[in-house]
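Here is a short report for a reader meeting this structure for the first time. Please look over the sequence and the model before reading on.

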Amino acid sequence: MNNLQGVLVPRENRRATAEPAWVKGLLLAILFLFLGLFLVLPMATVFLEACSRGWPVVAAALREDACRKAIELTLLTAAIAVPLNTLFGLAAAWSIAQFRFPGRNLLLILIDLPLWVSPVIGGLIYVLLFGRQGFAGPWLADHGIRIVFALPGIVLGTTFVTFPYVARNVIPLMETQGRAEEEAALSLGARGWQVFLRVTLPKVKWALLYGVILCNARAMGEFGAVSVLSGHIRGRTNTLPLHVEILYNEYQFAAAFAVAMLLSLLALVTLVLKSAIEWRARQQFALSQQLPES
């Protein structure tokens, strides 16, 4: 019967739901042209320019002391900012999806705020708060605490711009799944942490991993807020994106493209991990849909 349904549909109805071949071709041409001009071509240029003078030049640029320091600082910043945003994202998703409380909508707006505010503005906010002439600057200086132009400021700026990624990936899934399983676990005597670790977390693990990967990619590639808060101290407060800018401004084009290629490779690895998680999540969803039928 299912096979006959497509045959029994009137020809004019099938045509009404299908686009002409020339429309499909035009849309695909625009799609591939756009991707080629704004994605593939720039990425290919980075790799070609980086390798134009040979791999010894690339290796020398990546072995440079300032580059190694920038790599270490980038990884350290991501290693601090990503777990912080993961903890906050889980707490925010749990609170918003499981409870109704005054200020809930305001909390959702604040979570989205870094997506609407320029990263440079975010960096300036922390400068105004913790800089030498800022609100808390004199007190921090008197106690020997340095935030701006140091690691804490870079972490603050990176945490600000990556704030929404984990929360915004987990909140919709938690709201869609509802609270039935959690309430059942509570009625059976489970405690709050047991419900979260054994019921809620397994249900959202793929969305959580997806958000963590996006957060990590954004953290390693952040430029605007870090540029304001770092002070551009070479070998001390320069992350990889800032190091690329300095090399390019100093006309060290081969080294600049070599470091940019490293950042691009990190982005490609992130893309592969993202695709793998999406595929695994689809497989798990398809399996869960088949289980009741069997």
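How many aromatic pairs does the structure hold? The structure holds 9 aromatic pairs. Rings of Phe, Tyr and Trp (its six-membered ring) pair if their centres lie within 6.5 Å; planes under 30 degrees apart count as stacked, over 60 as edge-to-face and the rest as tilted.

## Basis of the model

This is a predicted model: local features need pLDDT of at least 70, side-chain atom pairs count only at pLDDT 80 or more, and totals for chains, interfaces and linings use all residues. Residues are numbered from 1 along each chain as its sequence is written, and side-chain values use heavy atoms, with hydrogens and water left out.

## Aromatic rings

Tyrosine 126 and phenylalanine 130 form a stacked pair, 6.2 Å centre to centre with 10° between the planes. Both lie in helix 7 (residues 119-130), 4 residues apart, so about one helical turn separates them. Helices (H or I, at least four residues) and strands (E, at least two) are DSSP runs, numbered from the N terminus. Tyrosine 126 is buried at 17% relative accessible area. Phenylalanine 130, at 24%, is partly exposed. Buried means under 20% relative accessible area, exposed over 50%, and partly exposed in between (1.4 Å probe, protein chains only).

Trp94, Phe99, Trp193 and Phe196 form one aromatic cluster.

## Nonpolar cores

The largest nonpolar core has 24 residues. Such a core is a set of buried Ala, Val, Leu, Ile, Met, Phe, Trp, Tyr and Cys residues joined through side-chain atoms within 4.5 Å. Ile111, Val170, Ile171 and Met174 have the most contacts inside the largest one. Helix 5 (65-98), helix 6 (104-116), helix 10 (164-177) and helix 12 each supply at least two of its residues. Apart from this core lies another, of 16 residues, including Ala50, Leu240, Leu247 and Ala258.

Take valine 170. Leaving aside neighbours within four places in sequence, valine 170 is in contact (heavy atoms within 4.5 Å) with Ala93, Val204, Ala207 and Leu208.

## A bent helix

Helix 12 (residues 192-221) has 30 residues, but its end C-alpha atoms are only 37 Å apart. A straight helix would reach 44 Å at 1.5 Å a residue. The expected span is 1.5 Å times one less than the number of residues. Helix 12 bends by about 60° at lysine 205. The bend is the angle between axes fitted to the seven residues ending at a residue and the seven starting there.

## Salt bridges

The structure holds 6 salt bridges. Each is a side-chain nitrogen of Lys or Arg within 4 Å of a carboxyl oxygen of Asp or Glu. Arginine 234 and glutamate 64 meet in one of them (3.7 Å, N to O). Arginine 234 lies in the loop between helix 13 and helix 14 (240-249), and glutamate 64 in the loop between helix 4 (55-63) and helix 5, so the pair ties together parts 170 residues apart in sequence. Glu64, Arg234 and Glu250 are linked in a network of salt bridges.

Aspartate 112 and arginine 168 also form a salt bridge (2.9 Å, N to O). This pair links helix 6 to helix 10, with the two residues 56 apart. Aspartate 112 is buried at 17%, whereas arginine 168 is partly exposed at 31%.
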